[in-house]
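Reader: Could you walk me through this one? I have not looked at it before, and I would like to go step by step.

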Number of protein chains: 2
Amino acid sequence: MRKNYLLTPGPTPLPPQVLEAMSRPIIHHRTPQFQAILKEAMEGLKYVFQTAGDVFILASSGTGAMEAAVVNLLSSHDTALCVQGGKFGERWGELCKAYGISAQILDVAWGSAVSPEEIKKRLAADPKIKVVFTTLCETSTGVVNDIEAIGRVVKDTQAVLVVDAISGLGAIDLKTDAWACDMVISGSQKGLMLPPGLGFISSSPKAWKLIEASKSPRYYFDLRKAKKAAEKTDTPFTPAINLIIALNEVLKMIKLDGLEKIFVRHKKMADAMRAAMKALGLELFSADASSDVVTAAKVPVEIDGEKLVKTMRDAYGVTIAGGQAELKSKVIRIAHMGFIEEFDVIAGISCLEKVLTQMGYKFTLGQGVKAADEVFLK
Amino acid sequence: MRKNYLLTPGPTPLPPQVLEAMSRPIIHHRTPQFQAILKEAMEGLKYVFQTAGDVFILASSGTGAMEAAVVNLLSSHDTALCVQGGKFGERWGELCKAYGISAQILDVAWGSAVSPEEIKKRLAADPKIKVVFTTLCETSTGVVNDIEAIGRVVKDTQAVLVVDAISGLGAIDLKTDAWACDMVISGSQKGLMLPPGLGFISSSPKAWKLIEASKSPRYYFDLRKAKKAAEKTDTPFTPAINLIIALNEVLKMIKLDGLEKIFVRHKKMADAMRAAMKALGLELFSADASSDVVTAAKVPVEIDGEKLVKTMRDAYGVTIAGGQAELKSKVIRIAHMGFIEEFDVIAGISCLEKVLTQMGYKFTLGQGVKAADEVFLK
């Protein structure tokens, strides 16, 4: 017998309602029956995205939705500003490069949030910038960016603001319309508590001007096709039928709790996790911008970070993430996002303490769990 | 209480093993546990594709895999030959157009198979043709093309042969290597008995020469990235984890029966369906190239084809497909592919007879089922 705890920043654990929905016999997608399901999904996504506009559903992982943003907004030789403070920010630059788009890189130290003021300066300095590509929560560093402030500086410029909210949407606040986010991208396997396989993309009227002008070649990810189909409550290509059926179960759960309550729950779990890390003497990777969906902490120098992650997973069934790229073995990343509540957080901290003890790290056993308990008791 | 019968050419019914696998708690994809699953899937796909080469798994529907073929093999201004005998053949032409590729259209009358001799002539006439795009089973017309013969004429030319086998793979014979198919595309929701959401793509060494030379912009569908990742039993982007887990269940079922036996089963179901159509006086849409995975038959002029399909589905729970595009309301298409066996075929025919009777069509009730029974008893 082994219970598994999945505390990774995507995929996140699946609620029983999702497991049940995923196991239903399939139905055909060109039927009134599926049309009703798709309609419900599209409406529910508007609530989660906090937008009055369409949210298109793609059969792809989040990266496919990011590619959709790039090819629909820009043509080769266009200029974009890519905020790059981690592995997923880098993906915007790679995508631009693949499509011959001139990507100006705004390099941000890993562990820090981007300065909206810096974005403002770059936009003022180069009126050719058509799109600003940002990240809500940079999963590789645990950092959350201040999208509201970024929206304020981009809003009255020529540029369109695109936010990769693959990590974070549905778990931390992101007001697509109110914060002037022209395009918000997400995926199914994080805050939305589904298996991977769905990409989501919202679009403002300002974005549509660029979409209609873009000359980048596109077909599967062509949002003009998606929009035309959506007008008839349809998809241009075969949708990921049972993921959309399961999405509706998630949307019901989210509406029942309400976004505000969900955001508060994530904040509390993050506060507890951060308190635990401090109590264990593990420094947060980001001093002042640690997100409420994933906590990155530095691995003590005397501890082998990769072995720590592996032991927690293989000996105890608690899966957390290690560091990626330049952070390999230097940090651990523990997610508290989606279908996760306080006792999952406690289990994660308890397992971390157990393995740290076995690996010879010096600390007072129980201090991490105690610190988290204190937050939850507040 | 209502039992539903899904006799559509994608999605096809899901076996209980798939439903069970889809409902398992999710695991993380960057773990040795998932790596073992991915390895098993990649090996199993080689058996189904009848290839010694890699089969890449994409998180997309089949059209995404078709786009991957186009962008990886060709650059803008290159020339391709697109065999077009139905809605899905047309998709090759549309994809080429989207990417600035000069598509020569080989128009085939809907309901007929393409003549390999004609492909040979076109290739001889234009040595600029780099790729021949074909379709194994054209779902919109029910026609199966003779890929073996096409492979013979393309093999010793400059051109690469691409086969859209989204409909048919795993149900009718397609020997990727032996028939010299340089690239075979498929999807999860037809012969492979899974929900939609996975695209598959094989590639020969001849195809790789074009892949390495292609200048088309690409990222999510870049097969160079897929290959690099596959070498480490990985995927470049988050895979559709639980679809791949379910795929392994299907691959086990397919191996247990063996491809040969599966092809024989599909042939028998198709023979039964064709016999039933004839017995009911419904002319096959294709006189000589009706596939073993989906049967298209003409709707008698006095019968409203759309109403027929709708009544079967909404009154009796038997979902078949109507005609698409120019065939709208003129044909019905009944699939017998994947997790379908003889009594599903009988149920489909029985329901068709029932509704035809109610709609006033003149025929001897029971003749269709009888004709099918006779085939199955052989």
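Reader: How much of chain A counts as buried?

Author: This is a predicted model, and in it 57% of the 378 residues of chain A count as buried.

Reader: And what does the radius of gyration of chain A say?

Author: Chain A has a radius of gyration of 21 Å, and because a compact globule with 378 residues would have one near 21 Å, the value agrees with that expectation. Along its principal axes, the C-alpha trace of chain A spans about 60 × 55 × 35 Å.

Reader: How many helices and strands are there in chain A?

Author: Chain A has 13 helices and 14 strands. Among the contacts in chain A with a separation of 6 or more, 72% are accounted for by residues 24 or more positions apart.

Reader: Which domains does the assignment give for chain A?

Author: The domain assignment gives domain 1, made of 5-10 + 259-377, and domain 2, which is 16-256. The C-alpha centres of domain 1 and domain 2 of chain A lie 28 Å apart, and the contact takes 23 residues from domain 1 and 21 residues from domain 2.

Reader: Which elements give two or more residues to the domain 1 side of that contact?

Author: On the side of domain 1 of chain A that touches domain 2, those elements are helix 10 (259-279) and strand 11 (294-298) of chain A. Helix 10 of chain A gives the most, with four residues, and the residues of this side of domain 1 divide into 13 nonpolar, eight polar and two charged.

Reader: Changing topic, how many residues does the contact take from chain A and from chain B?

Author: The contact takes 44 residues from chain A and 44 residues from chain B. On the side of chain A that touches chain B, helix 1 (16-22), helix 3 (62-73), helix 4 (87-98) and helix 9 (241-257) of chain A each supply at least two residues, with the largest share, four residues, coming from helix 3 of chain A.

Reader: What kinds of residues are on that side of chain A?

Author: The residues of the side of chain A that touches chain B divide into 22 nonpolar, 17 polar and five charged.

Reader: What rotation superposes chain A on chain B?

Author: A rotation of 180° with 0.0 Å of shift along its axis superposes chain A on chain B, with an RMSD of 0.0 Å, and that is the relation of a two-fold axis.

Reader: Why can one say that the copies meet through the same surface?

Author: One can say so because 100% of the interface residues of chain A are also interface residues in chain B.

Definitions and conventions:
Residues are numbered from 1 along each chain as its sequence is written. Chains are lettered from A and ligands numbered from 1 in the order in which they are written. This is a predicted model: local features need pLDDT of at least 70, side-chain atom pairs count only at pLDDT 80 or more; totals for chains, interfaces and linings use all residues. The radius of gyration is taken over C-alpha atoms; the globule rule is 2.2 Å times the number of residues to the power 0.38. A residue is buried if 20 or more other C-beta atoms lie within 10 Å of its own, exposed if 12 or fewer, and partly exposed in between; C-beta atoms are placed from the backbone. Two residues are in contact if their C-beta atoms, placed from the backbone, lie within 7 Å. Domain bounds come from an automatic or database domain assignment. Ala, Val, Leu, Ile, Met, Phe, Trp, Tyr, Cys and Pro count as nonpolar, Asp, Glu, Lys and Arg as charged, and the others, Gly among them, as polar. Copies are superposed by least squares on the C-alpha atoms of residues with pLDDT of at least 70 in both.
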